[in-house]
Amino acid sequence: MAAISSHSSSSLYPNFQSSPLFFSSKSTREHTLSFFTIRTNGSLRGRLSAQTVPGVGLRVQNAATKPAKSPAEEEWKVKREVLLQKKVRSVDVKEALRLQQENNFVILDVRPEAEFKEAHPPGAINVQIYRLIKEWTAWDIARRAAFAFFGIFAGTEENPEFIQTVESKIDKNAKIIVACSSGGTMKPSQNLPEGQQSRSLIAAYLLVLNGYTNIFHLEGGLYTWFKEGLPSVSEE
């Protein structure tokens, strides 16, 4: 049995909300309980262990512990306030193209490498903010299991080398337009009074926390860039 309740979301998996999952065996005497939270920014919270119970089989219960919350996992409301305080401005795709061509702005594409290779703006630099889960600790196995429950067999995690990689490629004084697929928005609306979180906005938040001072955000994301027929290239 699975019980699902919704919390706040972001754009990594826009169709999935934060979901506590409760699993129980068919036995009335022995049952299991594990708690996960899958967040659309690619993180997952929970505890998982395995124990064999006579007459029931494999029983899953708490064991693996998630590391402490990272800045990327901060509440969207907090991130948005920081972005506004740091005067991070959103630009539409046509303005972004003009700024890149005429003012030497750098487009930082934070999508997964595979998506970047399929198509991206000419001259864009790719540093993925989320990557496929790499390790096989008890916690990572728990995350893989929870993603698989939703039919997601390529679960992602925050890229711990994101800032370090950006710093190796882009000077801190550079003017950067951060882009992802959907873009998200900081603008309030009736349905989204605090806007909508996205990978690019999370990346922008991390960049301003780490000393980057000229950060812009691509409104509408690269989906809109490609839809508008703006220049793009691919890699074999």
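The model is predicted; local features need pLDDT of at least 70, side-chain atom pairs count only at pLDDT 80 or more, and totals for chains, interfaces and linings use all residues. Residues are numbered from 1 along each chain as its sequence is written, and side-chain values use heavy atoms, with hydrogens and water left out.

The protein has seven helices and eleven strands. Helices (H or I, at least four residues) and strands (E, at least two) are DSSP runs, numbered from the N terminus. Of its 236 residues, 46% are buried. Here buried means under 20% relative accessible area, exposed means over 50%, and partly exposed lies in between (1.4 Å probe, protein chains only). The accessible surface of the protein is about 12,500 Å². Carbon and sulfur atoms contribute 51% of that surface. Accessible areas come from the Shrake-Rupley method with a 1.4 Å probe; for residues, only the protein chains shown count as cover. Among contacts with a separation of 6 or more, 62% link residues 24 or more positions apart. A contact means heavy atoms within 4.5 Å.

Five strands build an open sheet with parallel pairing. Their order is β5-β11-β10-β6-β7. Two strands pair if DSSP finds at least two bridges between them. Strands β5 and β7 (125-126) stand at the edges. Each has a single partner strand, so one side of each lacks a neighbour in the sheet. In general, strands of a sheet pair through backbone hydrogen bonds, either parallel or antiparallel.

Strand β11 covers residues 215-218. Three bridges join β11 to β5 (residues 89-91), and the two run parallel. Arg89 stands opposite Phe216 of β11. Three bridges also link β11 to β10 (residues 176-179), again in the parallel sense. Here Ile177 has Phe216 as its bridge partner. Side chains in a regular strand alternate between the two faces of the sheet. In β11, Ile215 and His217 point one way, while Phe216 and Leu218 point the other way. These four residues are all buried.

Strand β6 (106-109) pairs with β10 through four bridges, and the two run parallel. Val106 has Ile176 of β10 as its bridge partner. Two bridges join β6 to β7, also parallel. Leu108 stands opposite Ile125 in β7. From β6, Val106 and Leu108 point one way. Ile107 and Asp109 point the other way, and all four are buried.

Two right-handed β-α-β units involve these strands. One is made of β10, helix α6 (residues 199-209) and β11. The other is made of β6, helix α3 (residues 113-118) and β7. A crossover is right-handed if, with the strands pointing away from the viewer, the path from the first strand over the helix to the second runs clockwise.

Helix α5 spans residues 162-169. Its buried residues are Phe162, Ile163 and Val166. Seen down the axis of α5, these fall within an arc of 90°, so they line one face of the helix. The arc is that of the directions from the helix axis to the C-beta atoms. Gln164 and Ser168 are exposed on the other side of α5. The cover over the buried residues includes β6 and α6.

Leaving out residues up to four places away in sequence, Ile163 touches Leu206, Leu207 and Asn210. Ile163 and Asn210 lie 47 residues apart along the chain. Their C-alpha atoms are separated by 7.7 Å.

Gln100 lies in helix α2 (residues 93-103). Gln100 is buried, with a relative accessible area of 15%. Its side chain reaches the backbone oxygen of Pro122 at 2.7 Å. Beyond its neighbours within four places in sequence, Gln100 is in contact with Phe105, Ile107, Pro122, Gly123, Ala124 and Trp225. One of these residues, Ile107, is among the buried residues of β6.

Definitions and conventions: A polar contact is a pair of N or O atoms within 3.5 Å; within protein, one must be able to donate a hydrogen and the other to accept it, and residues adjacent in sequence count only if both atoms are side-chain atoms.
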